[in-house]
Amino acid sequence: MPAITVMLKPASGLCNMRCRYCFYADEQKNRSVPNYGIMSEEVLRAVLTRVLDYADGECTIAFQGGEPTCAGLPFFQRVVELEQELNHKHVVIHNAIQTNGYVIDDTWAQFFSDNHFLVGISLDGPKELHDLNRLDGKGNGTYNRVLRAISILKKHCVEFNILTVVTSATCRSIRKTYSFFQRNGFDYQQYIPCLDPLGENRGQHDYSLTCKAFGQFLKDLFDCWYEDACRGHLTYNRYFTNLLIILTGQQPEACGMLGRCGMQYVVEADGSVYPCDFYMLDEWRLGNFLTDTVTDIDRKREERKFIQMSMEVNENCHPCKWYPLCRGGCRRDREPMVNGHLQKNYFCEAYYEFFEYAYPRLAQLARAVEAGVFGSHI
């Protein structure tokens, strides 16, 4: 029985913000029950029981949304109590939360600090960039609220990282954004490409990413990151760091870089389990932790061939010299399926252009990592 990572949506798709590119709001529109409300204690207890009975050694419980803090601080206080009560095997539990930071105050931050939560904060860059898409319910920008939340987390010594959604505007301003992050000491960064709504052709929104823009984004961001590394400051960039992990002969941890989908358990507020945050649709429901064990869920996943389908290598990838690094990318970027087969990654040309541009320096950094120049940074 291995370690296990489970993502919970304790407030389903409820959110106190109205981000213009929200992929989960779009998913909600494409299923029979858009929103399941706040997770009950019955469901929470069932989920934790299933997970802690299955886990061996350690497990990670990650809370996302929607906005998970909409479940309220008492919900998370109960989480910690139930984890202690139900952890009969004494596994090591890692708690994490991805939040927009909108309601974070001293009380929340002290709770995260006391209980060793890793906090991901969604921040798209400096004010003019962040406030383009990350709006509150009245259509106002949320930058000031988020920076205030970060300040409070720092005051309480909470471990946090930055999650940035990459839009067309991000691509035009990534050097400025990177400098902004560095000035503020945000050394742990993750960038995720925004998704266009399900069923739409890509590129129809002002926030949409084109392949060309994303390719230039990767090159510009890499230049900034590499320059810092040359000065002895190797920051954590989830994508670039995982490329170094691959180049040093290790297994990447980042989803979308394994060459297949990972073994994920994403749990809606009613206990329903799905194989991926991007596939929380009726047709991909694998069961419910109120009635099904982890083994039951795995069996259903196997029957649906969710992971097996993601392992299919597109004919265009076989001869590509960069496939050992690219590995096909995220399955969602290979949709829609054609005649039962996933397509070439939408960003294929962007990745190819990036590897052609950056590989010599990536390989140089990988050799430096192996030589211990950066210690155990990765």
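For these notes, helices (H or I, at least four residues) and strands (E, at least two) are DSSP runs, numbered from the N terminus. With that settled, I placed T291 in the loop between strand 10 and helix 11. I'm working from a predicted model throughout.

**Entry 1: T291**

Is T291 buried or exposed? I took over 50% as the cut-off for exposed. T291 has 59% relative accessibility, so it counts as exposed. Next I looked for its contacts, leaving aside neighbours within four places in sequence, and found R50 and D296. I also checked T291 against H156: they sit 135 residues apart in sequence and 39 Å apart in space, C-alpha to C-alpha.

**Entry 2: D298**

I went on into helix 11, residues 294–304, where D298 has its place. Buried means under 20% relative accessible area. D298 comes in at 17%, so I put it down as buried. Skipping residues up to four places away in sequence, I have D298 touching Y54, M263 and Y265.

I traced an open sheet of 10 strands, with mixed pairing, in the order 7-6-5-4-3-2-1-8-9-10. Which strands are at the edges? They are strand 7 (236–237) and strand 10 (287–288), each of which pairs on one side only.

Then I went through some of the pairings. Strand 2 (residues 58–63) and strand 3 (residues 92–99) run parallel and are joined by 6 bridges. Here I found F63 opposite I97 of strand 3. Strands 5 and 6 are parallel too, with 5 bridges between them, and V165 has I192 in strand 6 as its bridge partner. Out at strand 7, I got 2 bridges to strand 6, again parallel. Y188 has its bridge partner there in Y236.

**Entry 3: helix 9**

I followed the chain around this end of the sheet. Strand 6, helix 9 and strand 7 make a β-α-β unit, and I have it as right-handed. Helix 9 (residues 211–230) lies across strand 5 (160–166), strand 6 (188–193) and strand 7. Its angle to strand 6 is about 170°.

**Entry 4: helix 6**

I wanted to know how the length of helix 6 compares with what its residue count predicts. Helix 6 covers residues 143–155, and at 1.5 Å a residue its 13 residues should span 18 Å. The end C-alpha atoms are 19 Å apart, which agrees.

Which residues of helix 6 are buried? My list has Y143, V146, L147, A149, I150, I152 and L153. I then looked at what covers them, and the cover includes helix 4 (106–114), strand 4 (118–122), helix 5 (127–133), strand 5 and helix 8 (174–183). Just after helix 6, I noted that C157 takes a positive phi of about 60°.

**Entry 5: the cores**

The largest nonpolar core has 102 residues. Which residues have the most contacts inside it? I got F112, L123 and F354. Apart from this core lies another, of 6 residues, with C261, C276, W284 and F306 among them.

I finished by listing the contacts of F354, not counting residues up to four places away in sequence. F354 touches L218, K219, F222, Y239, F240, L243, Y359 and L362.

Definitions and conventions. Residues are numbered from 1 along each chain as its sequence is written. This is a predicted model: local features need pLDDT of at least 70, side-chain atom pairs count only at pLDDT 80 or more; totals for chains, interfaces and linings use all residues. Side-chain values use heavy atoms; hydrogens and water are left out. Two strands pair if DSSP finds at least two bridges between them. Contact means heavy atoms within 4.5 Å. Axes are lines fitted to C-alpha atoms, for helices over the stretch in contact, and angles run from 0 to 180 degrees between N-to-C directions. The expected span of a helix is 1.5 Å times one less than its number of residues. Buried means under 20% relative accessible area, exposed over 50%, partly exposed in between (1.4 Å probe, protein chains only). A nonpolar core is a set of buried Ala, Val, Leu, Ile, Met, Phe, Trp, Tyr and Cys residues joined through side-chain atoms within 4.5 Å. A crossover is right-handed if, with the strands pointing away from the viewer, the path from the first strand over the helix to the second runs clockwise.
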